Amino acid sequence: MKRKKRFILLGVIGMSLLAACGEKTEQALTGQTQAEEVDFNWVSEQTEYEGFTQEEIAEKAVGWEALFSGYDNALQDTYENFRLPVAVTISPTAIYKQVEIAQESDFAENAEEILQMFWGDELSETLEFSDYSETMRQTTWVIDSEEEKVYCAVKDCGLVSVIKPSGYEIGFNGNFEVVDIVHVDRGDPLSQSYALTDGEESIEEAVAYIEGWMNQNWVVWEPDFTYSVKTVEIRRYGDSYIYDFYVEKLLGGVPLDDAFGETGMAVEHGNLQVKYIGSTIFIRMCTRNSIDVFSNQTGILRVQSAEAEEKGWLSLSDCTHMLEQLFSEYVVYEISDIEMQYVLCPDYGSVNKELQYCGYVAPGLKILAKPVWCFVMDVPEEKLLNEDGSFTAGYEKHYIDVDMRTGEVWLELE
């Protein structure tokens, strides 16, 4: 079978692409280190498998109403080599057979407003942006002040990375022990509290603050979406703790993909032309009710068009039975969660040759969003332990995606 690996830009892995205290700003913005670690191989977009032709898939297709009325029943079906969760949370208000999206192209002109958004009146008048545009192949403004303990980077594509004084010593560092992982989108309990650097706050209170801030403030820059905390990592920091939030963008209640397709090719400055990109926003809370570290990881997205279609959808039950014929009957796959989401497929030919060197953060990059059923498998914690027994990695997942329109399958299981 043809496979496409996918990864999530989390903790030290993903954040080092964007900004990191103690690292050269140029390297932090270009991701040279990450480019050297990735095995790049293009694969076909279509996965061939026996037993289902496109005509047969078309025969199985159902309408919008049946798509949602039947997924609970699909969880109760019997499958030979798949164990599905008892319940999943899927609550869209609309779904589109494809969505055309464009990445922002002139966002760096808003750098001062971004700085003001996060610092407000505390902003020092002595802070000045440095110009990294020539190095980045796009307009890029950066502040990195050890004296003021401030970091702010803004690119034309809308990539924003911020570190406030309260988080400057911690930065994007991922080498802090993870003591708990809370899947908010799966209905995990949120009542537990931890002592942050300035006092105790429950996860429920912290999630409410982040979601409220995003849907009141960040939505000004990306008004096509709503924002919801997907996962919270609780990390130990000395005698206290920090909260790491992964916030997803939702279009009509359906989240955009949070993982990157590793398949791709390295380009100048280490930027990556990957086939599928994520959209998760990373936020670190070190002090109560505060955003101390922030990065949107890619850029700001603008919906150009959304094409609706009542008929022609593949149900969860049909997709699961389809997968049974693809996978070995001798292995049982434990599915932790099932999501309905949009996979984001960038079109690098939509920008000029010079901007193609910017990879998936190219200003004006066109992106096609395709709806999929996403079967999620959590990686057991024991497989994430360091040699000394400490658990410092962020949450990791394996995926199987099935296009809800075409039946195309791609996955990462290794």
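Start by selecting Tyr-96, which sits in the loop between strand E2 (82-83) and strand E3 (98-103). Keep in mind as you go that this is a predicted model. Which other residues does Tyr-96 touch, not counting residues up to four places away in sequence? Show Leu-251, Ala-306, Glu-307, Ala-308, Trp-313, Tyr-342 and Pro-371, and you have the set.

**The second largest pocket**

Next, bring up a surface. Rolling a probe the size of a water molecule over the atoms shows where empty space is left. The second largest pocket holds about 290 Å³ of space. To centre your view on this pocket, pick Thr-89, Glu-248, Leu-250, Gly-253 and Pro-255, the closest to its centre of the 17 residues that line it. Then colour the elements that each give two or more residues to the lining: strand E11 (226-237), strand E12 (240-251), strand E13 (254-255) and strand E21 (337-347). Which of them gives the most to the lining of the second largest pocket? That is E21, with four residues. If you colour the lining by class, you will find eight nonpolar, four polar and five charged residues.

**Helix H10**

Move on to helix H10, residues 316-324. Is this helix mostly covered or mostly uncovered? It is mostly covered, with eight of its nine residues buried. Select Leu-316, Ser-317, Asp-318, Cys-319, Thr-320, Met-322, Leu-323 and Glu-324 to see the buried residues of H10. Notice that Asp-318 and Glu-324 are among them.

Switch to a cartoon view and find strand E4 (residues 130-131) beside strand E5 (residues 140-145). These two strands run antiparallel and are joined by two bridges. For one end of a bridge, click on Asp-131, whose partner in E5 is Trp-141.

Follow E5 onward to strand E6 (residues 150-155), with which E5 pairs in the antiparallel sense over six bridges. Ser-145 has Val-150 as its bridge partner in E6. Together E5 and E6 form a hairpin with four residues between them.

**His-183**

Now jump to strand E8 (residues 178-183), where you will find His-183. Is His-183 buried or exposed? Its relative accessibility is 11%, so it counts as buried. Leaving aside neighbours within four places in sequence, show its contacts: Asp-188, Lys-230, Thr-231, Asp-378 and Lys-397.

**Aromatic rings**

For the last stop, display the aromatic side chains; a search of the whole structure finds twelve aromatic pairs. Zoom in on Phe-176 and Tyr-237, whose ring centres are 5.3 Å apart. Their planes stand at 90 degrees, so this pair is edge-to-face. The pair links distant parts of the chain, 61 residues apart: Phe-176 is in the loop between strand E7 (160-163) and E8, while Tyr-237 is in strand E11. Phe-176 counts as buried because its relative accessibility is 15%, whereas Tyr-237 has a relative accessible area of 26% and is partly exposed.

Finish by selecting Phe-118, Trp-213, Trp-218 and Phe-294, which ring pairs link into a cluster.

How values were computed:
Residues numbered from 1 in each chain as written. Predicted model: local features only at pLDDT ≥ 70, side-chain atom pairs only at ≥ 80, totals over all residues. Heavy atoms only, no water. Contact = heavy atoms within 4.5 Å. 1 Å grid on protein atoms, 1.4 Å probe; cavity = no way out; pocket = protein on both sides within 12 Å on 5 of 7 lines; lining within 4 Å. Points joined across faces, edges and corners; volume = space filled by probe spheres on them. Nonpolar A, V, L, I, M, F, W, Y, C, P; charged D, E, K, R; others polar. Buried < 20%, exposed > 50% of the residue type's maximum accessible area, 1.4 Å probe, protein only. Pairing = 2+ DSSP bridges. Phe/Tyr/Trp six-rings, centres within 6.5 Å; stacked < 30°, edge-to-face > 60°.
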